[in-house]
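Subject: Handover of a structure and notes on it

Dear colleague,

Please find below the structure that I am handing over to you.

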Amino acid sequence: MKEIRDIVQAFDAATREHKKSALATVVHVQGSSYRRPGARMLVTEDGQLTGAISGGCLEGDALRKAVLAITQEKNKLVIYDTTDEEDAKLGVQLGCNGIVSILFEPIDVNADSHPIAILRNAIAERKSTIIITGYSLNNGIHFGTSELGSYPALIQNDLAILSEKIVTTQSSSHAVIPVEDNQQQFLMAYCHPPVSLIVVGAGNDAIPLVAMAHQLGWQITVVDGRASHANTQRFSLATSILSAKPKEAFAQLITDELTAVVLMTHNYNYDLEMLQLLNDTDVAYIGMLGPAAKRNRMLEELEQNGIIVSDTMKAKMYGPTGLNLGAETAEEIAVSVTAEIMAVIQKKNPMHLRNKELPIHSGTQ
């Protein structure tokens with residue numbers, strides 16, 4: 001969602017300056033590619049790029065294609081094929097041994113519903129959404145990024161059924177639907193809301209963790225009982241800051257299955273009370289700074305107080321928090337912790353990618 005937010009913000013800035021722009025979307029990939037379907041980039045007529053559709057190898061040519069789409073005022077599909085020697089002559093060196101199809105959509109700011117408006121709606125609320133982009137590989141119609149109701153009536157039902165399946169699997173998909181004499185392709189991109197990180201503790205070691213999470217586009221809440229520590233001067237990158245006792249702070253928190261909590265106040269009783277309040281919530285991850293002995297002591301104390309911690313909740317608790325990366329400094333620990341949260345929420349088993357036999361972006365471990 002961070003890329004979408006950045007694109008919407010860049011579009012708003014371009015609109016204020018009366019600059020025309022186009023949205024480039026990776027709609028299909030065959031073989032290997034740096035970015036997968038659903039990757040997007042906004043291109044303004046003066047060459048400003050926001051987002052990315054490759055590792056940098058396509059952006060130069062994509063700029064020219066985007067300007068052409070803006071000039072012609074119509075959607076344009078471009079296919080980059082590494083097996084085609086002409087691509088090499090044009091200076092397009094993918095280096096990924098794949099075929100990448102990119103749809104360029106000029107943005108008509110006067111239209112009731114344009115691609116950026118669709119993206120804006122997708123990030124308006126904290127919920128998952130499906131972004132549909134229609135295109136054709138065989139001289140059909142490049143519908144572009146539109147709302148479900150904007151597509152022809154004869155395919156709306158098919159797209160609605162496919163959308164329901166995507167909600168169930170929570171993964172993006174492609175659809176091919178016959179329309180008259182053409183096979184129309186549709187990228188059905190499933191988009192999660194950003195990770196919500198609750199950092200319980202406003203010490204100096206929390207500052208780099210908040211900074212790292214901000215770089216990842218996460219929503220960040222800092223919680224601490226000390227107003228001298230939990231403030232905007234120290235945590236300007238946080239989405240919100242709560243300076244309160246555990247019960248008061250917890251009453252203001254909203255959690256879901258994409259919420260991660262890290263207990264790091266260095267105040268045992270504060271962390272313990274917050275852990276008790278988090279019991280039976282729907283959070284995906286609870287990290288505890290400190291040794292395993294601290295985690296065990298906290299669990300034992302909760303049980304002594306009659307608090308039953310289910311095996312399901314225990315499986316969500318990571319103490320010590322973070323991956324085994326040899327981290328020592330607060331900055332290194334921030335990398336370790338955010339990496340573990342990513343792995344847990346995306347249901348991945350951390351490993352060296354060189355040891356993965358299947359493609360990097362495959363759904364399996």
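The notes that follow go from the chain as a whole to particular residues.

This is a predicted model, in which local features need pLDDT of at least 70 and side-chain atom pairs count only at pLDDT 80 or more, while totals for chains, interfaces and linings use all residues. Residues are numbered from 1 along each chain as its sequence is written, and side-chain values use heavy atoms, with hydrogens and water left out.

**The chain as a whole**

The average pLDDT (the predictor's confidence in each residue, from 0 to 100) is 89 for the protein chain, and 93% of the residues score at least 70. Residues 88-92 have a pLDDT below 50, and beyond near neighbours in sequence this stretch has seven contacts in the model; a contact means heavy atoms within 4.5 Å.

The C-alpha atoms fill a box of roughly 70 × 45 × 45 Å along the principal axes. The chain has 11 helices and 15 strands; these are DSSP runs numbered from the N terminus, with helices being H or I of at least four residues and strands E of at least two. Of the 365 residues, 45% are buried, where buried means under 20% relative accessible area, exposed over 50%, and partly exposed in between (1.4 Å probe, protein chains only). Among contacts with a separation of 6 or more, 61% join residues 24 or more positions apart.

**The nonpolar cores**

A nonpolar core is a set of buried Ala, Val, Leu, Ile, Met, Phe, Trp, Tyr and Cys residues joined through side-chain atoms within 4.5 Å. The largest has 25 residues, of which V200, V223, L263, M274, L275, I286 and M317 touch the most other members. Two or more residues each come from β10 (196-200), β13 (259-263), α8 (268-278), β14 (285-288) and α9 (292-304). Helix α8 gives the most, with six residues. Setting aside residues up to four places away in sequence, L275 touches L263, I286, M288, M298, L302 and M317. Apart from this core lies another, of 24 residues, among them V222, A230, L258 and M264.

**Aromatic rings**

Rings of Phe, Tyr and Trp (its six-membered ring) pair if their centres lie within 6.5 Å; planes under 30 degrees apart count as stacked, over 60 as edge-to-face and the rest as tilted. The count comes to four aromatic pairs. F143 and Y151 are edge-to-face, at 5.5 Å centre to centre and 75° between the planes. Y151 is buried, with a relative accessible area of 3%, and F143, Y151 and F186 form one aromatic cluster.

Y285 and Y318 form a stacked pair, with 4.8 Å between centres and 15° between the planes. Y285 lies in strand β14 and Y318 in strand β15 (residues 317-318), so the pair ties together parts that are 33 residues apart in sequence. Y285 is buried at 0% relative accessibility, whereas Y318 is partly exposed at 24%.

The 14 residues of α2 (residues 59-72) should span 20 Å at 1.5 Å a residue, and the end C-alpha atoms are 20 Å apart, which agrees; the expected span is 1.5 Å times one less than the number of residues. In α2, E59, D61, A62, K65, A66, A69 and I70 are buried. Their cover includes β1 (21-31), β2 (40-44), β3 (49-51), β4 (76-81) and β5 (98-106).

T25 is in strand β1 and is buried, at 0% relative accessibility. Leaving out residues up to four places away in sequence, T25 touches A39, R40, S101, I102, L103, E105 and L187.

**Loops and backbone angles**

P194 is in the loop between β9 (182-191) and β10, and is buried at 10% relative accessibility. Its contacts, leaving aside neighbours within four places in sequence, are M1, R5, R126, G217, W218, Q219 and L258.

Most residues other than glycine have a negative phi, and most peptide bonds are trans. H266, in the loop between β13 and α8, has a positive phi near 65° and is exposed, at 59%. D280, in the loop between α8 and β14, has a positive phi near 70° and is exposed, at 61%. The peptide bond from G319 to P320 is cis, with omega near 5°; P320 lies in the loop between β15 and α11 (330-345).

With kind regards
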